[in-house]
Amino acid sequence: MVKALRDGFEKLLGDKNMLTDLLTTIEAKTGVSKRYIALAIIGVVAVYLVIGHGASLLCNVIAFGYPAYISIKAIESPNKDDDTQWLTYWVVYGIFSIIEFFSDIFLSWFPFYYMLKCGFLAWCMAPSPANGAEIIYKRIIRPFFLKHEAQMDRVVKDLKDKAANTADAISKEAVNLLGDEKKAS
């Protein structure tokens, strides 16, 4: 497990992108290996997630920013495997966000909550076939969805119909109000 993490980390540092270019520039100017610079940045972020003001914002930027960027790149690439990987991440992230909405008021008081949350979401977005999103989707979400798909389809259809009826009623009322206003003037 540790070897796989180390290999994945080294692979990420070897990729050619804006972040690794910045690390290479810092490495050239300081003489410090970009591996140590990256580990120091990760350490500072981890400490900040434990004691810093705005840890929630930082965690959400990490959990949303990078995946959004990579999702756009996946959409634009001809490879559809990366599309599936990031769609899976967004499904897990969405369900996690709904659960967190109801539990965050309690969990946010735990000292390492934001660091653990960020670690969990980083595991979910990890660039490996056995990342957290894939495991959670295959073991929990997919079986639940397949078991309850028909009921969920009915609920979605009912909500969609009610929303359409409400939108129609609001539109008609707006037209009536505008018509009444024109007659009054």
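This is a predicted model: local features need pLDDT of at least 70, side-chain atom pairs count only at pLDDT 80 or more; totals for chains, interfaces and linings use all residues.
**Entry 1: a nonpolar patch**

I looked for nonpolar surface and found a patch of about 380 Å², made by Val32, Tyr36, Leu39 and Ile42. I picked Tyr36 to follow up, and it sits in helix H3, which covers residues 34-51. Tyr36 has 52% relative accessibility, so I put it down as exposed.

**Entry 2: the largest pocket**

How much space lies in the largest pocket? I get about 2200 Å³. Of its 48 lining residues, I noted those closest to the centre: Leu12, Leu19, Tyr66, Met125 and Pro127. Then I checked which helices take part. H1 (2-14), H2 (18-30), H3, H4 (55-76), H5 (81-107) and H6 (113-125) each give the lining at least two residues. H1 has the largest share, with 9 residues. By type, I sorted the lining into 32 nonpolar, 8 polar and 8 charged residues.

**Entry 3: His53**

I went to the loop between H3 and H4, where I found His53. Is His53 buried or exposed? Its relative accessibility is 75%, so it goes down as exposed.

**Entry 4: salt bridges**

- Asp83 pairs with Lys80, and their closest N and O atoms are 3.3 Å apart. I have Asp83 as buried, because its relative accessibility is 17% and the cut-off for buried is under 20%.
- Glu100 pairs with Lys117, with 2.7 Å between the closest N and O atoms. Glu100 belongs to helix H5 and Lys117 to helix H6, so this bridge ties together parts 17 residues apart in sequence. I checked cover on both ends: Glu100 is buried at 11% relative accessible area, and Lys117 is buried at 4%.
- Lys157 meets Asp161 in a salt bridge at 2.9 Å, N to O. Both are in helix H7 (residues 132-184), and because they are 4 residues apart, about one helical turn separates them. Here I found partly exposed residues: Lys157 has 48% relative accessibility, and Asp161 has a relative accessible area of 33%.

Note on methods. Residues are numbered from 1 along each chain as its sequence is written. Side-chain values use heavy atoms; hydrogens and water are left out. Patches are made of residues with over 30% relative accessible area and no salt bridge: like charges are joined within 9 Å, nonpolar side chains (Val, Leu, Ile, Met, Phe, Trp, Tyr) within 5 Å. Accessible areas come from the Shrake-Rupley method with a 1.4 Å probe; for residues, only the protein chains shown count as cover. A salt bridge is a side-chain nitrogen of Lys or Arg within 4 Å of a carboxyl oxygen of Asp or Glu. Buried means under 20% relative accessible area, exposed over 50%, partly exposed in between (1.4 Å probe, protein chains only). On a 1 Å grid over the protein atoms alone, a cavity is a set of points where a 1.4 Å probe fits but cannot get out, and a pocket is an open set with protein on both sides within 12 Å along at least five of seven lines; lining residues have an atom within 4 Å of a point. Grid points are joined across faces, edges and corners, and a volume is the space filled by probe spheres set on the points. Ala, Val, Leu, Ile, Met, Phe, Trp, Tyr, Cys and Pro count as nonpolar, Asp, Glu, Lys and Arg as charged, and the others, Gly among them, as polar.
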